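Please examine the sequence and the model first.

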Amino acid sequence: MHYSALATTTLLLGLVSTTAWAEVAENRTQICQPAPLWKINGTIPMAGTEGQVTVVALLKAILLMIVLFATSIGSLQKRLSHEGVANVSFMIVNEKTPLSRAMYWELKRHAPEGVPVYQQQILEPDVWQILNGDKDDFLIYDRCSRLGFHIQLPYSFLHLPYVEAAVRYTYHKDYCGNCSCQEEERINELAERWGRKEHLPSVKGLLVMQSVGSKELLSGCPTMPLSDRLSEGRSS
């Protein structure tokens with residue numbers, strides 16, 4: 001089934017707006033907030049993701065669903081890459097129940113190449129709770145590691161247009177606003193199109209002049225690791 005770009009974007013923004021307002025009413029929304037700190041086996045999966053769009057899938061390793069979800073994520077990756085939507089990172093976080101833990105290696109075995117699968121440990125804080133997530137949720141973070149979209153069931157099934165539309169929208173648009181990483185991506189794309197690196201300062205100047213009514217440059221694209229920035233925020 002094919003959906004027009006306008007129709008898909010309209011449906012997506014309507015869906016997200018409704019969800020966001022419901023969460024705002026309960027004072028629990030994370031939309032446009034930096035990714036919370038979460039660890040698995042001492043690893044911080046979101047560290048170093050600045051500058052790229054990141055998709056976090058919360059999956060429950062069930063035998064009959066593993067191949068379906070793995071194939072669907074792989075197909076989405078290939079479709080995006082083929083159409084020039086590059087530099088999008090996917091990761092999977094498996095549930096921490098005993099049954100899901102027992103199926104971890106099957107999930108990892110069927111995951112698309114380059115997509116890490118993280119297994120929560122029993123004594124660690126529940127990552128799904130930290131992310132306000134549930135089974136089969138997809139969380140899409142922008143280039144500044146802010147949550148742009150949180151797609152939940154039944155809309156997160158990958159045969160529907162919502163997850164793909166959210167990734168595309170986050171890739172092409174600065175949904176939360178004021179993300180200089182988005183500007184850097186535009187600068188790099190234009191420089192590559194011109195094919196000459198020495199044009200890079202001129203391209204950047206052009207983009208600055210195109211900023212209507214803006215008298216200040218965006219704050220620099222964060223390069224400090226997420227864990228360091230969060231630690232710095234706690235100590236200040």
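The end C-alpha atoms of residues 53-73 lie 15 Å apart, and this span is 52% helix and 33% strand. The model is predicted. In an unreviewed entry, UniProt annotates residues 53-73 as a "transmembrane region".

- Strand 4, residues 137-141, is mostly covered, with 5 of its 5 residues buried.
- In a regular strand, side chains alternate between the two faces of the sheet.
- On one side of strand 4 lie Asp137, Leu139 and Tyr141, on the other Phe138 and Ile140, and all of these are buried, so both faces are covered.

**Strand pairing**

- Strand 1, residues 53-59, pairs with strand 4 in the antiparallel sense over 5 bridges.
- Within strand 4, Phe138 is the residue that stands opposite Ala57.
- Strand 4 also pairs in the antiparallel sense with strand 5, residues 147-151, over 4 bridges.
- Phe149 in strand 5 is the bridge partner of Ile140.
- A hairpin is formed by strand 4 and strand 5, with 5 residues between them.
- In the turn of this hairpin, Ser145 has a positive phi of about 60°.

**Helix packing**

- Helix 2 (residues 63-82) and helix 6 (residues 162-172) have axes that come within 12 Å and cross at roughly 35°.
- The crossing of these two helices is right-handed.
- Helix 2 contributes Leu76, Arg79 and Leu80 to the contact, while helix 6 contributes Val163, Glu164, Val167 and Arg168.
- By class, this contact comprises 4 nonpolar, no polar and 3 charged residues.

Key
Residues numbered from 1 in each chain as written. Predicted model: local features only at pLDDT ≥ 70, side-chain atom pairs only at ≥ 80, totals over all residues. Heavy atoms only, no water. Axes fitted to C-alpha atoms, helices over the stretch in contact; angles between N-to-C directions. Left-handed = near helix turned anticlockwise from the far one by under 90°. Contact = heavy atoms within 4.5 Å. Nonpolar A, V, L, I, M, F, W, Y, C, P; charged D, E, K, R; others polar. UniProt positions renumbered as here; feature names shortened; annotations may be inferred. Buried < 20%, exposed > 50% of the residue type's maximum accessible area, 1.4 Å probe, protein only. Pairing = 2+ DSSP bridges.
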